[in-house]
Amino acid sequence: MFSNKLVAVVNKQIETGVLMNAVAHMCLGFGAHVGYEELHLMDYKNAEGFIYPNISKMPFIILREKNSNKIGTLLIKAKEAGIQYSVFTNTMTEGTWADQEARTIATKQEDIIYYGLVLFGPHEIVSEMTRKLSLYKGSNDE
């Protein structure tokens, strides 16, 4: 039904609350960039007519990876394949946005700790890139 696939890959080593914050930041920016139509957003309505706006019809799969370097490698592969992405790192926490920006600019790629990555692109390509990853099940994820 959908030609594109939407996937988040989160770092299993990061505390659940921090991961939720990272996913929220990535999705906020990503959604604004990609847009309403491509993400198949719609309004749900309950029996009384109350509207729950802007929920995607597409499945949004959350996967886990326990190695930050592997998330970084997946990011590079996504970029090379022309897959749309959003990423959140350790440099994007603590202090003001200006502190976070300065810390990110000053940090080399190999010193980044990846908290998460959102991928959006052709279903078959994203599936192949993420096929070895498992579903994220929450704070008790083994």
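**View 1. Glu-65 and its contacts.** Leaving aside neighbours within four places in sequence, Glu-65 is in contact (heavy atoms within 4.5 Å) with Val-9, Val-10, Asn-11, Lys-12, Lys-70, Ile-71 and Leu-133. This is a predicted model, where local features need pLDDT of at least 70, side-chain atom pairs count only at pLDDT 80 or more, and totals for chains, interfaces and linings use all residues. Residues are numbered from 1 along each chain as its sequence is written, and side-chain values use heavy atoms, with hydrogens and water left out.

**View 2. Asn-67, in the loop between S4 and H2.** The backbone nitrogen of Asn-67 is reached by the side chain of Glu-65 at 3.1 Å. At the start of H2, a side-chain oxygen of Asn-67 in turn comes to within 2.7 Å of the backbone nitrogen of Asn-69.

**View 3. The two faces of H2 (68-81).** Helices here are DSSP runs of H or I, at least four residues, and strands are runs of E, at least two. The buried residues of H2 are Ser-68, Ile-71, Gly-72, Leu-74, Leu-75 and Ala-78. They cover an arc of only 160° around the axis, so they lie on the same side of H2; the arc is taken over directions from the helix axis to the C-beta atoms. Turned away from that side are Asn-69, Lys-70 and Glu-80, all exposed (over 50%).

Terms used:
Polar contact = N/O pair within 3.5 Å; in protein donor to acceptor, adjacent residues only side chain to side chain. Buried < 20%, exposed > 50% of the residue type's maximum accessible area, 1.4 Å probe, protein only.
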